[in-house]
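Let's take a walk through a protein fold, one piece at a time. Have the picture open while you read.

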Amino acid sequence: MVRGIYNERRIYMELMNKILEVARRDKKRIVLPEGNEERTIMAAKNIHEEGIAFPILIGDREAILNKAVQIDIDLTGIEIVDPEKSNRLDKYIQSFYELRKAKGMTVIKAEKIVKDPLYFATMMVKMDDADGMVSGAVHTTGDLLRPGLQIIKTAPGVSVVSSFFIMVVPGSQYGEEGMLLFSDCAVNPNPNEDQLAAIAIATAETAKEICKIEPKVAMLSFSTMGSADNDLVTKVRNATEKVKELRPDLLVDGELQLDAAIVQKVAGQKAPNSKVAGRANVLIFPDLQSGNIGYKLVQRFANAEAIGPICQGFAKPINDLSRGCSFEDIVKVVAITAVQAQQGLKKQKEN
Ligand code: ACO
């Protein structure tokens, strides 16, 4: 059955509305280091007005206010922090130096690095002066990830930071009525089998926490249940076994080809005994080449909404944007980051 585009639009809107509603219930402070950038200023205004979070713009105050005037935006009530003039700067330099001294950091180098808005914003999150960070309208994914990996590091019990996309595919019945999670499409170039298992577990958790769906996780390959033999396939097969061992409560299977993972008829032929094959709503790609190419194929050829990349596994949430993003995309990623911050604090209290 091919469903209409309106059904997927409805699912997408319902998901985003739910995320926005949860974000509003307990507003978090989200820092935006690209404070002088037009779409970021527009997003900050919208986030503030709609009560989604407390946005904090980073950069030269005068330059930000001038840019806002040029685009006819009133930033009254929105916090602006200039790293060069901040009274937190010395504290951040000292803490960053302490964090990185074993890696050869000096106070002189730390002073220069921490004044960089991306590092300053990451330090704000580290030092609890913000609950999360969103960047990437100007910077690359690597620019954002490096300070995150160096300063925020992974959450307790998590070995690897990774990313996911929420894909909403018009006219598709696959996954959860056209909605699927794809991972890892943005961070780990070539995960080993332990890392691949960790990525699968993290994405299953995300499916529950953010998308409120019961995850059915397919470990993707060019082979289905032993149809081919190769080191690349062995990696996926071993990772699948590790997920099953570590998390027997999760529905996971592999190795599966993409069609066996999502098409019931193909699953019936290739993996008839699998509880996941034909029904998968979480797709784990074996490496970054396949993951990144895979999500872009679906996004472009199927005209799918691709929400992300959203990072998972950081001790506190920091998230990337596409450089082609709209201000609405920034608002959505801020809302997701705020929900991740809420979930992180909840977990901290539980432990
Ligand atoms: N999880 C946890 N820690 C990590 C990870 C990870 N995935 N990757 C690196 N680290 C740690 C390292 O152990 C190291 O820690 P330490 O300095 O405290 O010892 C620190 O992070 C820095 O590691 P490096 O290896 O020096 O970092 P690297 O220069 O390799 O950068 C990065 C890591 C940025 C994630 C790199 O792997 C990368 O560029 N990935 C691809 C990003 C990309 O281009 N994505 C595609 C585009 S996105 C899109 O299209 C949507």
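What follows goes from the domains to the sheets and then to a pair of helices.

## Before we start

This is a predicted model, where local features need pLDDT of at least 70, side-chain atom pairs count only at pLDDT 80 or more, and totals for chains, interfaces and linings use all residues. Residues are numbered from 1 along each chain as its sequence is written, and side-chain values use heavy atoms, with hydrogens and water left out.

## Two domains

The domain assignment gives domain 1 (25-153 + 318-350) and domain 2 (162-301); such bounds come from an automatic or database assignment. Their centres, taken over C-alpha atoms, are 32 Å apart. Six residues from domain 1 and six residues from domain 2 make the contact, where contact means heavy atoms within 4.5 Å.

Strands here are DSSP runs of E with at least two residues, helices are runs of H or I with at least four, and both are numbered from the N terminus. Two strands pair if DSSP finds at least two bridges between them.

Five strands line up as 3-2-1-4-11 in an open sheet with parallel pairing. Strand 3 (79-81) and strand 11 (318-320) are the edge strands, each pairing on one side only. From one strand to the next, the twist averages 25°. Strand 4 (residues 132-135) joins strand 11 through three bridges, in the parallel sense, and V134 stands opposite N319 of strand 11.

Another open sheet has six strands in the order 8-7-9-6-5-10, and its pairing is mixed. Strand 8 (251-256) and strand 10 (305-312) each have a single partner strand, so one side of each is left without a neighbour in the sheet. Strand 7 (residues 216-220) runs parallel to strand 8, with five bridges joining them; M219 stands opposite G254 in strand 8.

Helix 13 (residues 288-301) packs on this sheet, where it touches strand 5 (162-168), strand 6 (179-183) and strand 10.

## Helix 2 and its partners

Helix 2 (residues 38-50) packs against helix 14 (residues 327-350) at about 55°, with axes 8 Å apart. Axes are lines fitted to C-alpha atoms, for helices over the stretch in contact, and angles run from 0 to 180 degrees between N-to-C directions. The residues in contact are R39, T40, M42, A43, N46 and I47 of helix 2, plus F327, I330, V331 and V334 of helix 14.

Helix 2 also lies across strand 1 (29-32) and strand 2 (54-58), running at about 155° to strand 2.
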